[in-house]
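Student: I would like to go through this structure by question and answer. Please show it first.

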Amino acid sequence: MFRVMPPLVFFGSISERRERILRDISAFTKVEVVPPGTYGDSLARKIASASAVINIHREDGAYAEVPRLLSAYRAGKVLISEPLAEPFIAGKHYIPYDDPEGSDPREVFGNLSRLAKEYRFSDLLRTVF
């Protein structure tokens, strides 16, 4: 069971791997898969109506699909994901999709917000210029 209430939303291209994992997650909770080619306001509305964004890697590995992560963050939604690369920590900055009960969504989002403040683009510009 998921502590984050459905519906959850996934957007992005659908690979065989993603399709299989999304099907497995859908056995436990409602997942809306946004049609490919949905962008802008249409995508923003889909994200806004969900309780969380799911991130499934196209290929095996620990890396971060930053646009998906930022879209979730900007909409005030928690991210449920496979392992992400540093500096993101499972259970602290995102909810691991294979252990959704082990993390408090509000705490996770708060931790991600604090991390985001450490990586402000405006701070980088002040440092560089």
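Tutor: Start with a term: buried means under 20% relative accessible area, exposed means over 50%, and partly exposed is in between. Keep in mind that this is a predicted model.

Student: Is Tyr73 buried, partly exposed or exposed?

Tutor: The relative accessible area of Tyr73 is 26%. That lies between the cut-offs of 20% and 50%. So Tyr73 is partly exposed.

Student: How many aromatic pairs does a search of the whole structure find, and which residues form a pair?

Tutor: The search finds one aromatic pair. Its ring centres are 5.6 Å apart, with 25 degrees between the planes. Planes under 30 degrees apart count as stacked. The stacked partners are Tyr73 and Phe109.

Student: How far apart in sequence are the parts that this pair ties together?

Tutor: Tyr73 lies in helix H3, residues 66–74. Phe109 lies in helix H4, residues 105–118. The pair therefore ties together parts separated in sequence by 36 residues.

Student: Which residues of H3 are buried, and which are exposed on the other side?

Tutor: Arg68, Leu69 and Ala72 are buried. They cover an arc of only 100 degrees around the axis, so they sit on the same side of H3. On the other side, the exposed residues are Pro67 and Arg74.

Student: Over the face of which residue does Arg68 lie?

Tutor: Arg68 is one of the buried residues of H3. It lies 5.5 Å from a ring centre. That ring belongs to Phe11.

Student: What is the distance between the closest N and O atoms of Glu82 and Arg17?

Tutor: Glu82 is in the loop between strands S4 and S5, and Arg17 is in helix H1, 65 residues apart. Glu82 is buried at 5% relative accessible area, and Arg17 also counts as buried, at 15%. They form a salt bridge, with the closest N and O atoms at 2.6 Å.

Student: With which residue does Glu32 form a salt bridge?

Tutor: Glu32 is in strand S2, and its partner is in helix H2, 14 residues apart. The closest N and O atoms are 2.9 Å apart. At 22% relative accessibility, Glu32 counts as partly exposed. The partner, partly exposed at 29%, is Lys46.

Student: Which residues touch the most other members of the largest nonpolar core?

Tutor: This core has 15 residues. Helices H2, H3 and H4 each give it two or more. Another core, of 14 residues, lies apart from it and includes Phe10 and Ile54. In the largest core, the residues with the most contacts to other members are Val53, Leu79 and Phe88.

Methods:
Residues numbered from 1 in each chain as written. Predicted model: local features only at pLDDT ≥ 70, side-chain atom pairs only at ≥ 80, totals over all residues. Heavy atoms only, no water. Phe/Tyr/Trp six-rings, centres within 6.5 Å; stacked < 30°, edge-to-face > 60°. Helix = DSSP H or I, 4+ residues; strand = E, 2+ residues; numbered from the N terminus. Buried < 20%, exposed > 50% of the residue type's maximum accessible area, 1.4 Å probe, protein only. Lys NZ or Arg CZ within 6 Å of the ring centre and 35° of its normal. Arc of directions from axis to C-beta. Core = buried A, V, L, I, M, F, W, Y, C linked by side-chain atoms within 4.5 Å. Salt bridge = Lys/Arg side-chain N within 4 Å of Asp/Glu carboxyl O.
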